[in-house]
Amino acid sequence: MNRNALKAQLQKDAVEYLLVQFVDIHGAPKVKMVPAEALDDVIDSGAGFAGGAVWGMGQDASSHDMMARIDPAS
């Protein structure tokens with residue numbers, strides 16, 4: 001599905017928020033809620049997850065964010 005088709009479907013279904021998720025190296029899902037209007041930002045730049053929140057990656061609270069990007073093709 002391309003970006004425009006995804007936007008149209010979200011609007012048609014009156015979706016207001018997206019759950020952006022990735023699975024960490026231990027199999028635990030990490031999720032962030034973002035407004036549907038931010039779809040372009042999440043596709044292009046990603047949704048930030050604090051590096052310290054991703055246990056097992058060797059990062060702490062002062063580390064850079066990890067970014068999860070939406071892949072409309074998946």
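**View 1. Alanine 36 and its surroundings.** Leaving aside neighbours within four places in sequence, alanine 36 is in contact (heavy atoms within 4.5 Å) with Val15, Glu16, Tyr17 and Leu18. This is a predicted model, in which local features need pLDDT of at least 70, side-chain atom pairs count only at pLDDT 80 or more, and totals for chains, interfaces and linings use all residues. Residues are numbered from 1 along each chain as its sequence is written, and side-chain values use heavy atoms, with hydrogens and water left out.

**View 2. The chain as a whole.** From the N terminus on, the elements run α-β-β-α-β-β, giving two helices and four strands. Helices (H or I, at least four residues) and strands (E, at least two) are DSSP runs, numbered from the N terminus. Of the 74 residues, 24% count as buried; buried means under 20% relative accessible area, exposed over 50%, and partly exposed in between (1.4 Å probe, protein chains only).

View 3. Strands E1 and E2 run antiparallel and are joined by seven bridges; two strands pair if DSSP finds at least two bridges between them. Look for leucine 18, whose bridge partner in E2 is valine 34, and for glutamine 21, whose partner in E2 is valine 31. Five residues lie between the two strands of this hairpin, and glycine 27 in the turn has a positive phi of about 85 degrees.

View 4. Tyr17, Leu19, Val31 and Met33 make a nonpolar surface patch of about 450 Å². Strand E1 (17–23) and strand E2 (29–35) each supply at least two residues of the patch, and tyrosine 17 is found in E1. Patches are made of residues with over 30% relative accessible area and no salt bridge; like charges are joined within 9 Å, nonpolar side chains (Val, Leu, Ile, Met, Phe, Trp, Tyr) within 5 Å. Accessible areas come from the Shrake-Rupley method with a 1.4 Å probe, and for residues only the protein chains shown count as cover.

**View 5. The largest nonpolar core.** This core has 12 residues in all, among them Leu6, Leu18, Val34, Ala36, Ile43 and Phe49. Helix H1 (3–12), E1, helix H2 (39–44) and strand E3 (47–49) each supply at least two of its residues, and H2 gives the most, with three. A nonpolar core is a set of buried Ala, Val, Leu, Ile, Met, Phe, Trp, Tyr and Cys residues joined through side-chain atoms within 4.5 Å.

View 6. Arginine 3 meets aspartate 40 at 2.9 Å, N to O; arginine 3 lies in helix H1 and aspartate 40 in helix H2, so the pair ties together parts 37 residues apart in sequence. Aspartate 44 also bridges to arginine 3, with the closest N and O atoms 2.8 Å apart. Lysine 7 and aspartate 40 meet at 2.7 Å, N to O. Shared partners join Arg3, Lys7, Asp40 and Asp44 into one network.

**View 7. Methionine 67 in strand E4.** Methionine 67 sits in E4 (residues 66–68) and counts as partly exposed, at 48% relative accessibility. Not counting residues up to four places away in sequence, methionine 67 touches Ser45, Gly46, Ala47 and Gly48. Phenylalanine 49 is 18 residues from methionine 67 in sequence and 6.1 Å away in space, C-alpha to C-alpha.

Definitions and conventions:
A salt bridge is a side-chain nitrogen of Lys or Arg within 4 Å of a carboxyl oxygen of Asp or Glu.
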